[in-house]
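Please read it alongside the coordinates.

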Amino acid sequence: AAGLLGEAQVKQDLVLTNKTQEFCKLSVNLPTDRNLECAVTVCASAAGSNGAGDLSKASEIRGQVYVDGQPVGDFFNYCFRGAWEPFPFRTTIECARGQHTISVRCWVGYGVNANIHYNGRFPGIKLAVVDGGIHQ
């Protein structure tokens with residue numbers, strides 16, 4: 001296994017709606033068929049909420065890792081409230097040898113829009129792709 005193959009990050013605040021958006025596009029070139037571990041982190045809160053104690057609003061963020069425009073691996077679904085909360089998600093995928101574009105697509109499935117938070121300590125949206133070894 002070669003370790004970290006690539007990392008991409010949204011380094012700004014933004015608003016996520018029910019429209020699917022693509023983030024953190026990166027390219028990998030694989031010498032053989034590989035198992036890849038994709039680690040996604042989303043830091044968000046429900047738009048219009050007043051901090052950690054406010055549970056009156058909810059924003060359910062859904063998403064999935066994409067390879068060459070096709071959904072792969074497990075789907076994630078997480079409900080954010082008032083706190084600025086980083087949510088980590090991991091999925092292991094199989095990827096054929098060659099050049100590939102990997103990204104994450106997210107949208108709000110239920111509730112109010114989501115505020116994505118980045119400020120150096122809060123990660124915004126982040127994707128890391130780690131080589132998990134040869135796919136047998």
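The model is predicted. The aromatic pairs number six, and two of them are described here.

**Surroundings of E60**
- E60 belongs to strand β5, which spans residues 59–67.
- With a relative accessibility of 15%, E60 is classed as buried, because the cut-off for that class is under 20%.
- The side chain of E60 makes a polar contact of 2.7 Å with the side chain of R62.
- Beyond its neighbours within four places in sequence, E60 contacts N77, Y78, C79, W107, V108, G109 and Y110.

**The F75–W107 pair**
- The ring centres of F75 and W107 lie 5.9 Å apart with the planes at 55°, so this pair is tilted.
- F75 is in strand β6 (residues 70–80) and W107 in strand β8 (residues 98–111), so the pair ties together parts 32 residues apart in sequence.
- F75 is partly exposed at 42% relative accessibility, whereas W107 is buried, with a relative accessible area of 17%.

- F76 and F87 form a tilted aromatic pair, at 6.1 Å centre to centre and 50° between the planes.
- Since F76 lies in strand β6 and F87 in strand β7 (residues 85–95), this pair ties together parts eleven residues apart in sequence.
- F76 counts as buried at 3% relative accessibility, and F87 counts as buried at 15%.
- One aromatic cluster is formed by F76, Y78, F80, F87 and F89.

**Charge over a ring**
- R105 lies over the face of Y66, at 4.0 Å from the ring centre.

Conventions: Residues are numbered from 1 along each chain as its sequence is written. This is a predicted model: local features need pLDDT of at least 70, side-chain atom pairs count only at pLDDT 80 or more; totals for chains, interfaces and linings use all residues. Side-chain values use heavy atoms; hydrogens and water are left out. Helices (H or I, at least four residues) and strands (E, at least two) are DSSP runs, numbered from the N terminus. Buried means under 20% relative accessible area, exposed over 50%, partly exposed in between (1.4 Å probe, protein chains only). A polar contact is a pair of N or O atoms within 3.5 Å; within protein, one must be able to donate a hydrogen and the other to accept it, and residues adjacent in sequence count only if both atoms are side-chain atoms. Contact means heavy atoms within 4.5 Å. Rings of Phe, Tyr and Trp (its six-membered ring) pair if their centres lie within 6.5 Å; planes under 30 degrees apart count as stacked, over 60 as edge-to-face and the rest as tilted. A charge sits over a ring if NZ of Lys or CZ of Arg is within 6 Å of the ring centre and within 35 degrees of the ring normal.
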